[in-house]
Amino acid sequence: MFLAASSESQTGEQADHLRAWDPDEEQAHMMLDGLQSSGLDILDSDITLPKGYTLEIGWRGDSTPELWSDLIRNTFGASAASFWTAEKFVETFSSHEAQFDKKNGIFFILHGGDIVASAFAWLDILPTETAPSETTPVASAAEGQNAQRVAVRNGRVNFVCVRDGHRRCGLAKVLMQCVLRYHRAQGKQAATLRTEVYRHNAIRLYESLGFRHCSPEEFIA
């Protein structure tokens, strides 16, 4: 999924924000290896929020999808929000209990009581016949029928969103730390993310945290 992040260049950040979102836009696929290894700075360093910000973990009740969609609108623009509505969020993500952990896998940063940033962990699963041999079987239901599926070795970082006026102060890094620590605790070997290729500031942030570019085939493995 696409992500936005703190920017070193305000002009570039504004250009990314104003560009109309296209679901068919070319994506950059990225991976952070060695989640179970020691020595990863992003995982071993303390989580530190700027003064006035607080971190909350978990679902925020029935209003969560609407709050999330509003954050998408502010971060990525109206064209993205028209696609990623509250209903689409529930249909695509939060209704899938095997892949979306409402209690521990979604993270919010608040300022003055308002949500200003968010990200969540996503657990990709694949049909048994297409999954790599090292994956772990899990039970899931697909379209009303029982289907044997498998959990992939990688965990995904999804929808890192930071509102205008709260960027360039380290909130995106804090959210990344939270999601990566979640995936490490789940036993994942690597973390993945994807974002539009034109979001150069976001890509530079992920590279600085240790992510490398990978192929779409390696992305889900």
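**Salt bridges and their surroundings**

Modeller: The count comes to eight salt bridges, taking a side-chain nitrogen of Lys or Arg within 4 Å of a carboxyl oxygen of Asp or Glu. Keep in mind that this is a predicted model. Side chains of opposite charge can pair when their charged atoms come close.

Start with aspartate 70 and arginine 163. They form a salt bridge, and their closest N and O atoms are 2.4 Å apart. Aspartate 70 sits in helix 3, while arginine 163 sits in the loop between strand 8 and helix 6, so the bridge ties together parts 93 residues apart in sequence. Arginine 163 has a relative accessible area of 18%, which makes it buried; the cut-off for buried is under 20%.

Now look at helix 3 itself. It covers residues 64-76, which is 13 residues. Which residues of helix 3 are buried? They are Thr64, Pro65, Trp68, Ser69, Leu71, Ile72, Thr75 and Phe76. Seen down the helix axis, these buried residues fall within an arc of 160°, so they line one face of helix 3. Just after the helix comes glycine 77, with a positive phi of about 100°.

Arginine 156 is at 6% relative accessibility, so it counts as buried. Aspartate 124 is at 7%, so it counts as buried too.

Arginine 156 also has a place in the strand pairing. It stands opposite tryptophan 122. Strand 4 (residues 114-122) and strand 8 (residues 154-162) run antiparallel and are joined by five bridges. Alanine 117 faces valine 162 across that pairing. How covered is strand 4? Eight of its nine residues are buried.

Strand 4 also pairs with strand 3 (residues 106-111), again antiparallel, over six bridges. Isoleucine 106 stands opposite phenylalanine 120 there. The hairpin of these two strands has two residues between them, and glycine 112 takes a positive phi near 60°.

Arginine 199 has a relative accessible area of 3%, so it is buried. Glutamate 196 has 0%, so it is buried as well. Elsewhere, salt bridges with shared partners join Asp33, Arg212 and Glu218 into one network.

Last, the nonpolar parts. In soluble globular proteins, nonpolar side chains tend to be buried together. The largest nonpolar core here has 35 residues. Leu32, Ile109, Val160, Met176, Leu180, Tyr206 and Phe211 touch the most other members. Elements giving two or more residues to this core include strand 3, strand 4 and strand 8. Helix 6 gives the most, with nine residues.

Take phenylalanine 211 from that list. Leaving aside neighbours within four places in sequence, its contacts include Met30, Leu32, Met176, Leu180 and Tyr206. Apart from this core lies another, of 18 residues, and Phe76, Trp84, Phe100 and Phe159 are among them. Phe76 is also one of the buried residues of helix 3, where the tour began with aspartate 70.

Conventions:
Residues are numbered from 1 along each chain as its sequence is written. This is a predicted model: local features need pLDDT of at least 70, side-chain atom pairs count only at pLDDT 80 or more; totals for chains, interfaces and linings use all residues. Side-chain values use heavy atoms; hydrogens and water are left out. Buried means under 20% relative accessible area, exposed over 50%, partly exposed in between (1.4 Å probe, protein chains only). Helices (H or I, at least four residues) and strands (E, at least two) are DSSP runs, numbered from the N terminus. Two strands pair if DSSP finds at least two bridges between them. The expected span of a helix is 1.5 Å times one less than its number of residues. The arc is that of the directions from the helix axis to the C-beta atoms. A nonpolar core is a set of buried Ala, Val, Leu, Ile, Met, Phe, Trp, Tyr and Cys residues joined through side-chain atoms within 4.5 Å. Contact means heavy atoms within 4.5 Å.
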